[in-house]
Amino acid sequence: MSSTGTPVARTRREPPVYRRVTVQAVTPVTPRLIRVTLGGPELDGLVVEQPAASVRLLLPSPGTTDLVMPTWNGNEFLLPDGRRPALRTFTPLRLDTPGRTLDLEIVLHDGGAASGWATAAKEGDEAAISGPGRGYPIDPDAAGFLLAGDESALPAIGQLLQALPAAKPVQVRIEVAHADARLDLPERPDTTVEWYDLPAGAPPGDTLVAAVADADLPAGTRIWAAGEAAAVQRIRRHLFEDRGLTRSDAWIRGYWKHGRSGDADES
Ligand SMILES: Cc1cc2nc3c(=O)[nH]c(=O)nc-3n(C[C@H](O)[C@H](O)[C@H](O)COP(=O)(O)OP(=O)(O)OC[C@H]3O[C@@H](n4cnc5c(N)ncnc54)[C@H](O)[C@@H]3O)c2cc1C
């Protein structure tokens with residue numbers, strides 16, 4: 001409402017434009033993760049400066065292969081028929097600027113629009129991406145780092161392991177819902193990687209929350225955590241309330257919400 005009581009239409013800053021791309025290659029990474037290489041001339045000018053950044057992936061509506069571009073109505077992107085487009089958030093993994101390609105790695109799980117699209121994706125399929133959204137601002141003065149996440153965070157964790165200062169100790173704690181989701185992460189000195197299997201039927205994030213609660217965090221350790229929204233909320237509470245850490249110590253993001261479509265982009 002304005003001061004005169006007149007309703008004011010909500011307007012938000014229009015996000016970056018969508019860049020049309022096509023699938024160039026589809027490569028299984030594990031039985032639970034698939035790499036989709038997207039490419040095309042519209043990737044010209046895309047710059048990703050920080051690790052663990054994000055891009056929005058626009059997909060054809062489920063059941064179709066034609067990509068219909070949405071338009072910005074001042075508040076959100078909508079398709080010409082008024083429906084919301086299928087949009088999901090992923091980690092821009094390897095951007096090859098001269099080659100104009102971008103790799104995404106997508107977790108395969110039941111009932112997901114993006115997961116289903118990635119499973120069936122073949123060369124030439126159309127999609128579009130926008131972004132990037134901000135990534136992780138690495139503190140060069142940190143004493144060390146704890147990286148904690150579930151399968152959806154694996155691409156970002158791999159990228160972070162390559163980007164963190166080599167001289168700093170890093171602890172990595174990863175929860176997988178299936179043992180075959182484990183993969184080889186980039187090697188670096190003074191780094192320990194621990195994998196946790198989520199017991200069948202347990203809420204996602206249960207073992208990750210316990211793993212973070214168990215971690216020895218010397219003063220000055222910076223924490224990066226991402227995964228299911230309710231689980232990372234528990235991690236946030238533990239770090240801030242039980243351990244008395246401050247917001248600048250930890251970067252925590254919900255990547256998806258159990259039982260709800262669409263991502264849980266929150267920081
Ligand atoms: C900044 C950011 C970066 C991200 N990077 C990646 C990435 O690199 N790779 C990646 O795979 N995901 C990533 N995600 C998470 C991804 O956006 C969500 O998992 C998204 O919901 C997947 O879309 P979908 O269409 O497959 O499933 P949806 O249609 O959104 O969801 C359908 C059902 O599947 C469940 N579900 C969603 N995701 C998962 C999952 N990972 N495991 C098990 N069940 C799930 C939902 O709770 C829902 O019940 C990222 C999210 C953010 C915010």
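The domain bounds I use come from an automatic or database domain assignment. On that basis the chain is divided into domain 1 (19–133) and domain 2 (144–266). Residues are numbered from 1 along each chain as its sequence is written. This is a predicted model, where local features need pLDDT of at least 70 and side-chain atom pairs count only at pLDDT 80 or more, while totals for chains, interfaces and linings use all residues.

How far apart are the C-alpha centres of domain 1 and domain 2? They lie 24 Å apart. Across the boundary, 14 residues of domain 1 are in contact with 15 residues of domain 2; contact here means C-beta atoms, placed from the backbone, within 7 Å. On the domain 1 side that touches domain 2, at least two residues each come from strand E1 (19–30), strand E6 (86–90) and strand E8 (101–107). Helices (H or I, at least four residues) and strands (E, at least two) are DSSP runs, numbered from the N terminus. That side of domain 1 has 8 nonpolar, 3 polar and 3 charged residues. For these classes, Ala, Val, Leu, Ile, Met, Phe, Trp, Tyr, Cys and Pro count as nonpolar, Asp, Glu, Lys and Arg as charged, and the others, Gly among them, as polar.

Next, the core. A nonpolar core is a set of buried Ala, Val, Leu, Ile, Met, Phe, Trp, Tyr and Cys residues joined through C-beta atoms within 7 Å. Buried means 20 or more other C-beta atoms within 10 Å of the residue's own, exposed means 12 or fewer, and partly exposed is in between, with C-beta atoms placed from the backbone. The largest such core has 58 residues, and Leu57, Leu147, Ala225 and Ile235 have the most contacts inside it. Helix H4 (residues 229–242) gives the most to this core, with 5 residues. Domain 1 (19–133) and domain 2 (144–266) both contribute residues, so the core lies between them. Leu147 touches Ile157, Leu160, Val170, Val172 and Trp224, not counting residues up to four places away in sequence.

For strand E11 (residues 170–176) as a whole, 7 of its 7 residues are buried.

Which strands flank E11? Strand E10 (residues 144–149) runs parallel to E11, joined by 5 bridges, and Ala148 stands opposite Arg173. Strand E12 (residues 191–197) also pairs with E11 in the parallel sense, over 7 bridges, with Gln171 opposite Thr192. Pairing requires at least two DSSP bridges between the strands.E10, helix H2 (residues 154–163) and E11 make a right-handed β-α-β unit; right-handed means that, with the strands pointing away from the viewer, the path from the first strand over the helix to the second runs clockwise.

Gln24 is placed in strand E1. Gln24 is partly exposed because 18 other C-beta atoms lie within 10 Å.

Terms used. Contact = placed C-beta atoms within 7 Å.
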